[in-house]
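My entries follow in the order I looked things up.

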Amino acid sequence: MSTSATTGSPVHAGGPGAGTAAPHFEDFEVGQVYTGPARSFSAAVVAAFAEVSGDRAALHTEHGRSADGRPLVHGPLGLAGFFGWHHERGLSAHVEAAFDTHWDFVAPIHVGDSVTYEMTVTRTRRTSALRNGVVGRHVVVRNQHDEIVQVGRTAALVTAREAVDDRRARLGRSFPSVEWARALATALGDSAAFTRATGTWDGTLGLRLGGDLVVFRVYKGQVLEAGTRTPDGPTFVVSAPDIVWAGLLTGPRNDFTERTLRDEFEVEGSAYEYLRLTAAVVALVDEARAFARTEGTR
């Protein structure tokens, strides 16, 4: 998968402006892209981080491994910089906790480099307590040459403006919940393209979104069941990280075919059956995209 995958035209850019209230859980929607001004890692900042962390290795404080000998910024400082950026953008006021953070250090950041952070919302799920919700975020860090230096994902528990049950209204972008899968299965029953593509098929189609799997048991054009498991396992599974699905389902068009050619998706199980059912997968994506757009009408 390309680490530079995006979700198309951003729904929102930057943080709250002057006079704008900091976002609550309800203000985050899957597909939103947040950006902001670049920040630089000066020698003084790196020295301060070395003192706090205790990592005073010469690699960071005296010389690096680049051709010009510039010291390297501590990798975790790039991650810490994201949370500072998040706060400066006015996005942290209602965050109760951050968790499930996974970070890849793709390329070095040198002392004196400037980096930009781009955060895409990939999931939103209100908790059963209703007073808050979980927001999944994908982060891309680029240097002044527009090279990707770090990529990560992290979730936040964000206070809701109101403790109301709006899960049905937000259902279109609540993938990959079971409720979303079942609602999508109903829509597939009315899809002529999906019915035609699966008219002679008997099997189970799976979608893996990040670490979560949903399956659709299909028999001759009709989805018999949708959920998280099936007795015999899926016939095949179309798999991709959250950021890829967010882009596909909320972006400007159904570019599933182009994304497969860029190796953004993987197929588990029977590749032969997947190739036979590619038109069905495209039709499913069309319905999922239409379903996602209904969230904006709430």
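I began with the secondary structure and counted 9 helices and 11 strands in the protein. Helices (H or I, at least four residues) and strands (E, at least two) are DSSP runs, numbered from the N terminus. The model is predicted: local features need pLDDT of at least 70, side-chain atom pairs count only at pLDDT 80 or more, and totals for chains, interfaces and linings use all residues. Residues are numbered from 1 along each chain as its sequence is written, and side-chain values use heavy atoms, without hydrogens and water.

**Overall.** I looked up the box around the C-alpha atoms. Along the principal axes it is roughly 65 × 45 × 30 Å. Of the 298 residues, 46% count as buried. Buried means under 20% relative accessible area, exposed over 50%, and partly exposed in between (1.4 Å probe, protein chains only).

Next I followed strand E7 (residues 202–209). It runs antiparallel to strand E8 (residues 212–219), and 8 bridges join the two. Strands pair if DSSP finds at least two bridges between them. I found Leu205 opposite Phe216 in E8. This hairpin has 2 residues between the strands, and Gly210 takes a positive phi near 65 degrees.

E8 also runs antiparallel to strand E9 (residues 222–227), with 5 bridges. Val215 stands opposite Gly227 in E9. The hairpin of E8 and E9 has 2 residues between the strands, and Lys220 has a positive phi near 50 degrees.

Is Ile243 buried or exposed? Ile243 is buried, at a relative accessible area of 2%. I located Ile243 in helix H6 (residues 242–250). The C-alpha atoms of Ile243 and Gly136 are 9.6 Å apart, although 107 residues separate the two along the chain.

**Aromatic rings.** I searched the whole structure and got 11 aromatic pairs. Rings of Phe, Tyr and Trp (its six-membered ring) pair if their centres lie within 6.5 Å; planes under 30 degrees apart count as stacked, over 60 as edge-to-face and the rest as tilted. Phe82 and Tyr117 form a tilted pair, 6.1 Å centre to centre, with 55 degrees between the planes. Phe82 lies in helix H3 (residues 75–88) and Tyr117 in strand E4 (residues 114–126), so the pair ties together parts 35 residues apart in sequence. Both Phe82 and Tyr117 are buried.

Why is the pair of Phe236 and Tyr274 edge-to-face? The ring centres of Phe236 and Tyr274 are 5.8 Å apart and their planes stand at 70 degrees, so the pair is edge-to-face. Phe236 is in strand E10 (residues 236–240) and Tyr274 in helix H8 (residues 271–276), 38 residues apart.
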